[in-house]
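Student: I am new to this one. Please show it to me, and let me ask about the terms.

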Amino acid sequence: MKKTSVDLSSEGIHQAPPMSYGAYLGLPSLLSCQHTLSGEHDELLFIIIHQSSELWMKLCLHELAAARDHVRRDDLGPAFKMIARVARIQTQLIQGWDVLSTMTPADYSKVRPHLGQSSGFQSWQYRLLEFMLGNKNAAMIPVHQSDPLVHERLLSALAEPSLYDECLGLLARRGFAIPESHLSRDWTQPYRSDRTVEAAWLAVYRDTAAHWDLYELAEKLVDLEYRFQQWRFSHMKTVERIIGYKPGTGGSGGVSYLVKALDLSFFPELLSLRTSL
């Protein structure tokens with residue numbers, strides 16, 4: 001028979017430590033950031049899901065920036081770990097939409113008027129994440145002009161090579177034929193798929209023994225994009241479930257905008273080459 005209580009008095013966990021769990025994590029500040037406006041029960045859920053998503057995105061940006069730096073230095077081992085970690089973080093973000101989907105249309109309709117013009121589309125961390133992965137769109141920056149630091153960070157990220165750009169640079173250094181138009185270009189412009197780039201990746205896939213680390217890098221990127229698309233899809237279906245086809249609070253088309261986003265690809269040649277294998 002199991003005990004109904006256990007004496008833990010000798011474990012030392014009841015003594016006040018010099019650095020407490022709450023102090024290390026900054027919990028007083030963190031847990032005081034949820035300010036409901038509607039007085040409705042489900043608003044706390046809505047706030048926490050979006051705040052936790054921002055925390056996960058902060059970690060994604062931290063990992064991807066480091067992974068990009070490692071790829072630039074041809075140090076792929078740590079990059080593999082970091083990219084794989086981001087893919088797993090995406091799973092946590094997808095689970096967040098599952099929790100938010102417990103909010104019914106009636107629940108949300110009582111909270112929505114208090115959101116004003118705020119919208120998830122205004123998340124600057126999400127925009128940084130897309131820029132870092134290669135979906136560059138300068139038109140998404142002006143909405144952040146009221147915050148000079150954020151605005152400058154977005155402009156800087158727009159002008160930097162993406163993770164995929166650095167991967168193509170790595171391919172070129174390994175002797176693969178990557179066109180100069182994809183090695184030295186205006187990084188602020190959206191990436192354009194290229195047959196020569198596809199041929200380079202195809203050569204990697206056709207001789208994985210000779211190019212194993214590049215093959216593993218490619219598959220890590222494919223997994224990352226796969227999870228990202230799952231996140232986008234879960235977002236779209238959650239919005240559809242809660243507000244139907246109403247316009248978004250920030251002025252977007254809502255579901256219609258999210259559906260369009262599903263057609264975007266960060267690493268197009270890694271998908272198109274599969275047809276030729």
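Tutor: Start with a term: helices (H or I, at least four residues) and strands (E, at least two) are DSSP runs, numbered from the N terminus. Just after helix α6, Gly 134 takes a positive phi of about 120°. This is a predicted model, where local features need pLDDT of at least 70, side-chain atom pairs count only at pLDDT 80 or more, and totals for chains, interfaces and linings use all residues. Residues are numbered from 1 along each chain as its sequence is written, and side-chain values use heavy atoms, with hydrogens and water left out.

Student: What makes α6 mostly covered?

Tutor: Nine of its 10 residues are buried. Buried means under 20% relative accessible area, exposed over 50%, partly exposed in between (1.4 Å probe, protein chains only). Tyr 126 and Phe 131 are among the buried residues.

Student: Why is the pair of Tyr 164 and Trp 201 called stacked?

Tutor: Rings of Phe, Tyr and Trp (its six-membered ring) pair if their centres lie within 6.5 Å; planes under 30 degrees apart count as stacked, over 60 as edge-to-face and the rest as tilted. Here the centres are 6.5 Å apart and the planes at 10°, so the pair is stacked. Tyr 164 lies in α8 and Trp 201 in α9, so the pair ties together parts 37 residues apart in sequence.

Student: How do you know that Phe 228 and Trp 231 are edge-to-face?

Tutor: Their planes are 75° apart, with 5.2 Å centre to centre. Both lie in helix α10, three residues apart.

Student: What makes Lys 220 sit over the ring of Phe 80?

Tutor: The rule asks for NZ of Lys or CZ of Arg within 6 Å of the ring centre and within 35 degrees of the ring normal. The charged end of Lys 220 is 5.6 Å from the centre.
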